[in-house]
Structure formats: structure tokens, C-alpha cells
Amino acid sequence: MARHKGRGWHTKLLAAGLGVTAVAAATSVWSAQADSSAGRPQASATAPQVRKVAVDIAHASDKGDRGVNITIDDGPDPVWTPKVLQLLKDNGVKATFCMVGPQAKAHPDLVKQVVAAGHRLCDHTISHDTAMDGKSEAYQSQQILDAERMITEASGGVRPQYYRAPGGAFTPYSRKLAASHGMRPLGWNVDSKDFELPGVDTMVATVKSEISNGPTVLFHDAGGDRSQTVDALREVLPWLKEQGYSFGFPVR
């Protein structure tokens, strides 16, 4: 998997939207759940049981060899997520939305819309730190578990079923932690590179030429102007149907 460059808008959003006090509070919440000697999260005695899933990074589709998994990262966003949702509805497609914690907390109505439409949720951390694989286990835990909590609360109680590390910055520890919380680590096979704004034709050509690499396709619904993404999806989704693909979810 190609690693995306750092995306400063998430850091700015976190600082502006949560503020120093809230960030400290989030850290405090995690710390209260962590083992004071090892710095690792401990299961609450009253926490509901979750289905443990495999720790290896998923790429396959539950629809088999001719399945495609559409995955949408970095939102939800009040401008672009509704447009993406409408396109998915128009084409009868279910997708997996990999959400950044503060974005989910800021837009719970959109998180609920995603769930109500039959899509699945994915934990994409708190601050989208593409270098988190070089950080401490305590830091990784905070990024993953605080985002899981924010997304679950915003959804009204629906937990994320996957964990996607920003830029593919997985570690054995983060994969094991996510899996123990019922979130299958999630990779991708086709990167539309829509974050680089390469143009609609280039994005569509990338998907068409690389879909043979595997079923999981990466798009974004936040982080800037996503009009190219919307236009590319408008072309890509019908084309995939014409080629005999069916749309599913990543295996768990």
C-alpha cells in the first residue's frame, strides 16, 4: 500500500475543533482506560463483548472474486458526504466509510445517515497521523480507541467494524488492538489518488487499470474540494457494474 503524505488539515481541525482542553480531556479518557504501569488499554468490567476478528490486513471482498469494496476516507464532511451518499444510493452501492474521530463527533447526523443507508463504519484515528507507526503504543491506543468511541457515540451506538491506519501506517500492536475491539485492519488495492486532485479522467483511468490488482478501492469525502471524487464515482460505479462486478464489504 502506498503511504499518503501527511495531511495538515486534520491537525488544524483537531486544534480548532477540540481545543487544548478537549484534547487533554480525550487523553484523560484514554488514560483512565489504560493500565497505569504498561500504558495499554484494559477492558472495562461492564464493556459489552465484541467479536474478535483477524489481525491481518483485509483486502478481499465478501462478494468473492468479482466483488468490489468502495471505501471512503477522512469524513464525514457536511458538503461532500451527502453528495457521495446520494451517488451511492443512485447506483445501489454500499460502501465502507473510514471516519476521523473529530469529524464524526462534529457531524453525528451524517454518521447516522451513513449507518441508516446500510453502509459500514471504519475507525480512521483521531488526527490522521501517517507517522503513527513510529509512535508509542500508548499514542497508538489513544488514536484508535478515542476515535472508536467518538464514532460509536456519533452513530448512536453502532461500532466501527474496521480500522484503517492513516497512510497504511499499521503496526503489529495497532492491528492486534483494533482486532481485539472487533475492528478488522483494512487496507486497499486501488488508490484513486483523488486527494492529489489529478483530474477526473485520470482518477477513472486509474481505477479501470488497477481494479485487477484487488477489490478494495480508496476514495475520500473530506479534506478539501472533493468535486473530482464525486464526478469520478459517477463514472466509475456504473462502469464497474457493466464489467460484471458486484459491490460488497471487506471481509472480516
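The following dialogue explains how several descriptions of this predicted model are reached.

Modeller: This is a predicted model, in which local features need pLDDT of at least 70 and side-chain atom pairs count only at pLDDT 80 or more, while totals for chains, interfaces and linings use all residues. Residues are numbered from 1 along each chain as its sequence is written, and side-chain values use heavy atoms, with hydrogens and water left out.

Colleague: What makes a part of the chain a helix or a strand?

Modeller: Helices (H or I, at least four residues) and strands (E, at least two) are DSSP runs, numbered from the N terminus. The protein chain has eight helices and eight strands.

Colleague: Why is Cys122 called buried?

Modeller: Buried means under 20% relative accessible area, exposed means over 50%, and partly exposed lies in between (1.4 Å probe, protein chains only). Cys122 has a relative accessible area of 0%, and is therefore buried. The value for Cys98 is also 0%, so Cys98 is buried. Of the 252 residues in the protein chain, buried residues make up 52%.

Colleague: Why is Tyr139 called partly exposed?

Modeller: Its relative accessible area is 21%, so Tyr139 is partly exposed. This residue lies in helix H5. Leaving aside neighbours within four places in sequence, Tyr139 is in contact (heavy atoms within 4.5 Å) with Ser127, Asp129 and Met132.

Colleague: How do you know that both faces of strand E2 are covered?

Modeller: On one side of E2 stand Ala95, Phe97 and Met99, on the other Thr96 and Cys98, and all are buried. Strand E3 (residues 120-123) is likewise covered on both faces, with Arg120 and Cys122 on one side and Leu121 and Asp123 on the other all buried.

Colleague: What makes E2 and E3 a pair of strands?

Modeller: Two strands pair if DSSP finds at least two bridges between them. Strand E2 (residues 95-99) and E3 have four bridges and run in the parallel sense. Among the partners, Phe97 is bridged to Leu121 in E3, and Met99 stands opposite Asp123. E3 and strand E4 (residues 162-163) have two bridges, again in the parallel sense; here Cys122 has Tyr162 as its partner in E4.

Colleague: What makes the unit of E3, H5 and E4 right-handed?

Modeller: A crossover is right-handed if, with the strands pointing away from the viewer, the path from the first strand over the helix to the second runs clockwise. E3, helix H5 (residues 137-155) and E4 make a right-handed β-α-β unit. Elsewhere, strand E1 (residues 67-73) is joined to E2 by four bridges and runs parallel to it. The chain crosses from E1 through helix H2 (residues 80-90) to E2, and this β-α-β crossover is right-handed.

Colleague: How is the packing of helices H7 and H8 described?

Modeller: Two packed helices are described by the angle between their axes and the distance between the axes. Axes are lines fitted to C-alpha atoms, for helices over the stretch in contact, and angles run from 0 to 180 degrees between N-to-C directions. The axes of H7 (residues 200-210) and H8 (residues 227-242) come within 9 Å and cross at roughly 35 degrees. Residues of H7, including Val204 and Val207, meet residues of H8, including Ala232 and Trp239.

Colleague: How many disulfides does the whole structure have?

Modeller: A disulfide is a pair of cysteine sulfur atoms within 2.5 Å. A search of the whole structure finds zero disulfides.
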